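Dear colleague,

Please find below the structure that I am handing over to you. My notes on it follow directly after it.

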Amino acid sequence: MSTANTNTALDATPEPIIEARQLEKHYPQADGSRIQVIAPINLAIYPGQIIALLGASGCGKSTLMRMLTGLSPATGGSVYWHGQPVNGKFPNVSIVFQSFALFPWLTVIENVEAPLEARGIPPIERHKRALRILDAVGLDGFESAYPKELSGGMKQRVGVARALVVEPEVLFMDEPFSALDVLTAETLRGELLELWLDHKIPTRAMFIVTHNIEEAVVLADRIIVLGRNPAHIHADFTVSIPHPRDRKSAECIELVDSIYRVLTHPAHKDETVPPRTYGPGAPPKSKVVMLPHTRPGGLAGLLEILVDRGGRVDLHRLSEELSLDLESLLPTIDTAVLLRFLRTEEGDAIITPDGYAFAQADIQTRKAIFRKAALANVPLLRQMEQALRAKSNRTLSEEFFRDLLDEHFSAEESRRQLDTAIQWGRYAEIFDYDSQSGKLTLTEA
Amino acid sequence: MNAPALRAAEPAPLPPPAKQPAGSRSSWGFLIDIVVFLFVFAAIFGLYAIGRAWLAPARPEAQISQDPRDLPLYAFYSLVRMAVAYALSLVLAVAYGYIAASSRRAEMILIPLLDILQSIPILSFLPAIMLAMVALFPHSQFGIELGSILLIFTGQTWNIAFSFYSSLKNVPRDLREAAIIYRFSRWQRFAELDLPFSTIGLVWNSMVSVAGGWFSLMACEMFVLGNRDFRLPGLGSFLQTAASNGNTRAILWGVGAMIALIVLLDQLIWRPVIVWADKFKFEQVKSSAAAHSTLFHVLGRASVVHRLYQRLIRPFFNWLTITLTQRAFRAAETFGARKPGRARTWIGFLLVAAILVGLGFAVFHAARELSDLHREDYIELLRSAALTFLRVNSALLLGALWTVPAGVAIGFHPRLAPFAQSVVQTAASVPATALFPILLLFLLRLRGGLEIAAMLLMLLGTQWYILFNVIAGATAIPTDLKEAAQVFRFGSWDRWRYLILPGIFPYLVTGMVTASGGAWNASIFAEYFHFQGRIVSTAGLGSTISGASDTGRFDQLLAATLIMATIVVLINRFLWRRLYRLASSRFKLEA
């Protein structure tokens, strides 16, 4: 696994606040083997930095963050807090949650006071401190309002105030702006950066989990790109563009492009998991390809746009035009790449002849092309087809396939994998699926 | 692109709620303060009266008056019993639910146990509780009172416990994590997260529980145990005595008093509590239709209440939180993952051992009791079980037959709904057992009158659960689906088949589950009754339990209880739970 740690840029900084050494997570399986969710990772958070952790959904970035904060126990390696191992004790950190996680029955000020209360600070003192921080984030006059009376942006301000009031050394943020509309998110980002740059908050480092490349580029001093299955550090960018950053500037666009390149063109074939031997009578060894979680419906739309643009398009520009973020665009791109309807090159998407045919075809022909591409390029669907064909009644229960997948993925992921495979297989008319009985039946041509 | 330019784009939040103008508080407030003070005086007097009655020498067979003028005092006695029983239920239920939700090992035992406890009718607890209490306080009325209270309690606590447990299990993960990362102490987690999140469930289940308490009040205030007669002055015993004597005038007075009391409680307690609980609704956006209670607003304005809160209650909770959290924080500072001390492990071990020994002892004695019964007895028991089974399910079917069309009609007519709902709510709050003597007056003249009366009682006691849920279900059917049915010109049969029945199905199942449990419990009142100086009874498991408790046949009582609990648990497992799963997978209306 690539652990491209940036030791070079950090010689000057003395001591990391939080350091993860060989931090990993895996789930044990019934047969004694284990599923690696997060590969051993080395990561250090130094004072004075904003770190962005970037990755597609489901790649394990939230889990990694929770392990760093102590919320989720690691299965290997450890987290050090100023050089001391953190075992079951919580370092002085805060989290700003995507869903705000405010207590709806407490007023704004009670929400902000609650963490101080937990530290045993007497009422008068904590009231003073809460008021001060509410003032700083622009919530003056809303002390006695309940969260449900506030707009999303105001709620997240309360979330930030609550996080800052305990004066955390590191402020963790879990996709803090992704539940907000674009403009509100932009406003909050700007305000947060202002507080940080003007040293109005005592926080010594920030760690932002995000799937928004631009957000990372505008805010962070260091961008860590997380690869999938198992999660590992895929790339580590140091950003030295001075603030305030203009996202339209050449430097920013170049950085965004290179991040796109990394994300769409993995250096190694990360998507493959070393094959295992199956028992006698089981399907032959094959590489397990992780399916991106998309429905086939969006595929044609993407390819049609590509055809309109002459077959080649810059992904960054495309995402901006469609106002889709990485989260929603990447899985569809991955799907098209997997089916060889598309290839990526230097952050551009280029349509293939198969993709062109698919985009131009009518509904029935599309299904036929999809079926051919799916059986040729998706080992899981091929396996499923073969297994169904091998049965005299052409029927198998979904549990059978889930058991197969369970050897490679965590329980939740294998359920999602199977769901996706069923979606694709139904669309391709490879098999029928009855959700009541959970039975898959081969579709006879 | 700089941020400040965009600041105006953020939608303006609602202004904070306007404060009451000071003038209106003082002019109104004075009057309200006086009323509040009067209530305090009344409460002190009441405490004195209760103390005198409870600490008096034991007087198990109180002469129950038939004079309507005694009704206020009797109603007061019953009310206090209900209040204490409910308070006890709430505390125990919260403890039970908390333990079940916080320990996986405890959960494995406590949750199935809850299912069983819920299915045991209160009369089956009667001998054990009464004998224990009388033995504990042989010379004081307190023992008998406590027995009656515990009896009410056994019918109330389980569903509250279950509600609290499932609320705790559903606390959103983010909130839990926020509480951990901000180092909430155990107490703070309980007071600021667990309890508020569960409040709405607790309130609704408390209402159901208290209604159940009124339903069984007659049995809890007056009963025979072998050769001992227990009578406690109260509304329930008043009604029971009136029924035994066939005193129609007294029955009517008693029923009237009970209805008045229940309506009063609804207005003075439950409405304000529901309005207050609204603040605990877990929602991100304020809903438009908020509940309303005049009393709640009036009380909110009373300066006495306000001051009491500011000066006494709030500082107390502040102090409590601070002391508890400071201690917890110091413990956390002293570091290291807390390992359970050796003493704690030992205590746990001893506790489990004690429980096992107790259990073994109980099973041994129960087996001995059961071995006293002969094969014919068991055949007889099974026959009565079959009869009660038939009766319960016919009552359910009858209930569904009229409540489904009625509920759908109410739910589909938004203008009819508020009016109909308040009528239905009032009707539902009248405990069916109180009406039972009146029913018997008429029905006993007919052939098979008790049979009809028994079914009617079950019906009266349980149909409301179905009706409420059907109304809720019919209201929840989206308008566009209704319009689609209209556009495609569905005939009325197709409308029922494709739109209404699937739409209300999950709600109907919820209602039927509650109704089924209620009907089994109601069988002990419906099949056996002291009326006009004799016992009217019809064969069934319920009458077996009542009769066995009356005559002190513990072996029979135990066997019948076991059979009933088994039947109810089995029906829940194999019928309702499956329908529930079907309802939540296939018939769930998702946006």
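B:Ile438 is located in helix 16 (residues 432-443) of chain B; helices (H or I, at least four residues) and strands (E, at least two) are DSSP runs, numbered from the N terminus. Apart from neighbours within four places in sequence, B:Ile438 has contacts with B:Ile251, B:Leu252 and B:Val255, where contact means heavy atoms within 4.5 Å. Between the C-alpha atoms of B:Ile438 and B:Ala243 the distance is 8.4 Å, although 195 residues separate the two in sequence.

The model is predicted: local features need pLDDT of at least 70, side-chain atom pairs count only at pLDDT 80 or more, and totals for chains, interfaces and linings use all residues. Residues are numbered from 1 along each chain as its sequence is written, chains are lettered from A and ligands numbered from 1 in the order in which they are written, and side-chain values use heavy atoms, with hydrogens and water left out.

B:Ser216 counts as buried because its relative accessibility is 7%; buried means under 20% relative accessible area, exposed over 50%, and partly exposed in between (1.4 Å probe, protein chains only). Not counting residues up to four places away in sequence, B:Ser216 touches B:Ile122 and B:Phe525.

As a whole, chain B has 21 helices and 4 strands. Of its 591 residues, 43% are buried. Among contacts in chain B with a separation of 6 or more, 78% are between residues 24 or more positions apart. Chain B exposes about 31,800 Å², of which carbon and sulfur atoms supply 68%; accessible areas come from the Shrake-Rupley method with a 1.4 Å probe, and for residues only the protein chains shown count as cover.

Chain A has 15 helices and 18 strands.

One part of chain A is an open sheet of 3 strands in the order 13-15-14, with antiparallel pairing; two strands pair if DSSP finds at least two bridges between them. Strand 13 (312-314) and strand 14 (342-345) are the edge strands, each pairing on one side only. Strand 13 is joined to strand 15 (residues 348-351) of chain A by 3 bridges, and A:Val313 stands opposite A:Ala349 in strand 15. Helix 8 (residues 297-308) of chain A packs on this sheet, touching strands 13, 14 and 15, and its direction makes about 90° with that of strand 15. Axes are lines fitted to C-alpha atoms, for helices over the stretch in contact, and angles run from 0 to 180 degrees between N-to-C directions.

Helix 15 (residues 411-427) of chain A has 17 residues, which should span 24 Å at 1.5 Å a residue; its end C-alpha atoms are 24 Å apart, which agrees. The expected span is 1.5 Å times one less than the number of residues. Among the buried residues of helix 15 are A:Leu418, A:Ile422 and A:Trp424. Just after this helix, A:Glu429 takes a positive phi of about 55°.

On confidence, chain A averages a pLDDT of 83, and 89% of the residues score at least 70; pLDDT is the predictor's confidence in each residue, from 0 to 100. Over residues 268-287 of chain A the pLDDT stays under 50.

Yours sincerely
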